Amino acid sequence: MSDAKADKAADGGESIFTVIVAALANLGIAVAKAVAGLISGSSAMLSEAAHSVADTVTEVMLLTALKRSDKPADEEHPLGYGPERYIWAMLASIATFVGGAVFSIYDGVHTLVAGEELGDPLISYIVLAVAFLLEGYSLRTGVKQVRREASRLRVPDTYYLRHTPDTAVKAVVMEDSAALIGLLLAAGGLLGGQLSGSGVWDGIASCLIGLLLVYVAWVLGRSNAQLLIGRPLPPAVRSGVREELLSVPHIVEVLELTTLIQGPDEILIAAKIDFRDMATAAEVEWACEEAEAQLRERFPSIRRVYLDPTPGQAQRLRHGGS
């Protein structure tokens, strides 16, 4: 196995592990929150249960995305299945919105309008504390992967998380962060109800949890939509690609450069290149091979490089072209 394929397999395995940890944590937490919510009569706890169910569904979809997008290219899909992960990740963000946000806001508004009978909150506090520990461990797993990848690419952690095409890891980190905030909101709602004897605080907490999930679903949905439409490499990386191409002998100018992210470790490069006028066909072929080798060495995620020999402006003028 080549180094590039080995790195891709390792990164894919790490992403799968991160998602599995999050899925198992959320599944157990969802059941516990639902039981605690029914016992205590807390709408915020029921909203948190819906939150965890939505997160579990999300992780199942992300696992499907990771598996299906990893299939090799074939005759029907010559560029591979990489973009399929973004379709499933988009569905996952919709699940977060429908399964978590809508239910939480509805339940919160219903509580504010109709009120609720408060039960014993002790079991809810215990569940929230355990859930906080489990969600914290899941978040720690995702953050460790983000830091490792950011360090490898020599970029800040927040920059990597904002721009990474690995939406599975991004989803886990964002959802687990939202889960921790949601747990604090639920605890605040319970405490407010205890101190005031009113379910208003619980309803407010439920609505805030719903709004938090709306934000997470919107950010993840937008990220996946951009990647499905076709997102280029960041400007700094595009400059590096152009610089690498111009360092190859016989290449005079990069007339047009197109970059496309097809997956976390699948980048396509296409460029119109002006070669030295006196270069032979063999020298042009050699330059193309050398350019591809240099690009892959500097940017291991580049999988496909297409270079199109194109006359430069000076040559067009000499031959009367436009």
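Guide: Here is a quick tour, from the whole chain down to single residues. This is a predicted model, where local features need pLDDT of at least 70, side-chain atom pairs count only at pLDDT 80 or more, and totals for chains, interfaces and linings use all residues. Residues are numbered from 1 along each chain as its sequence is written, and side-chain values use heavy atoms, with hydrogens and water left out.

Visitor: What share of the residues is buried?

Guide: 46% of the 322 residues. Buried means under 20% relative accessible area, exposed means over 50%, and partly exposed is in between, using a 1.4 Å probe and protein chains only.

Visitor: What about contacts between residues 24 or more positions apart?

Guide: They account for 76% of the contacts with a separation of 6 or more. Contact here means heavy atoms within 4.5 Å.

Visitor: Switching to packing. Which residues have the most contacts inside the largest nonpolar core?

Guide: Val241, Leu245, Ile269, Ile273 and Leu307, in a core of 25 residues. The elements giving two or more residues to this core are helix H8 (235-246), strand S1 (251-263), strand S2 (266-275), helix H9 (281-298) and strand S3 (302-309). A nonpolar core is a set of buried Ala, Val, Leu, Ile, Met, Phe, Trp, Tyr and Cys residues joined through side-chain atoms within 4.5 Å.

Visitor: Take Ile269, then. What does it touch?

Guide: Setting aside residues up to four places away in sequence, Ile269 touches Leu233, Val241, Leu257, Thr258, Thr259, Ile302, Arg304, Val305 and Tyr306. Apart from that core lies another, of 21 residues, including Val173, Leu183, Ala205 and Ile209.

Visitor: How many cavities of 30 Å³ or more are there?

Guide: Two. A cavity is a set of points on a 1 Å grid over the protein atoms alone where a 1.4 Å probe fits but cannot get out, and lining residues have an atom within 4 Å of a point. Grid points are joined across faces, edges and corners, and a volume is the space filled by probe spheres set on the points.

Visitor: What lines the second largest cavity?

Guide: Thr58, Leu62, Ala89, Ala92, Ser93, Thr167, Ala171, Leu220 and Asn224. Helices H2 (43-69), H3 (84-114), H6 (167-196) and H7 (200-229) each give two or more residues to this lining, and H3 gives the most, with three. The volume of this second largest cavity is about 40 Å³.

Visitor: And by class?

Guide: That lining has five nonpolar, four polar and no charged residues. In this scheme Ala, Val, Leu, Ile, Met, Phe, Trp, Tyr, Cys and Pro count as nonpolar, Asp, Glu, Lys and Arg as charged, and the others, Gly among them, as polar.

Visitor: Is Thr167 buried or exposed?

Guide: Buried, at a relative accessible area of 3%. Thr167 sits in helix H6 and, leaving aside neighbours within four places in sequence, is in contact with Tyr86, Ala89, Asn224 and Leu227.

Visitor: And Ala171?

Guide: Ala171 is also found in helix H6 and is buried, with a relative accessible area of 4%. Not counting residues up to four places away in sequence, Ala171 touches Leu62 and Leu220.

Visitor: Now the loops. Where is Pro264?

Guide: In the loop between S1 and S2. Pro264 counts as buried at 18% relative accessibility, and apart from neighbours within four places in sequence, Pro264 is in contact with Arg85, Tyr86, Pro165, Asp166 and Ser301.

Visitor: Last one: what is the phi of His250?

Guide: Positive, about 80°, although His250 is not a glycine. Most residues other than glycine have a negative phi. His250 lies in the loop between H8 and S1.

Notes:
On a 1 Å grid over the protein atoms alone, a cavity is a set of points where a 1.4 Å probe fits but cannot get out, and a pocket is an open set with protein on both sides within 12 Å along at least five of seven lines; lining residues have an atom within 4 Å of a point. Helices (H or I, at least four residues) and strands (E, at least two) are DSSP runs, numbered from the N terminus.
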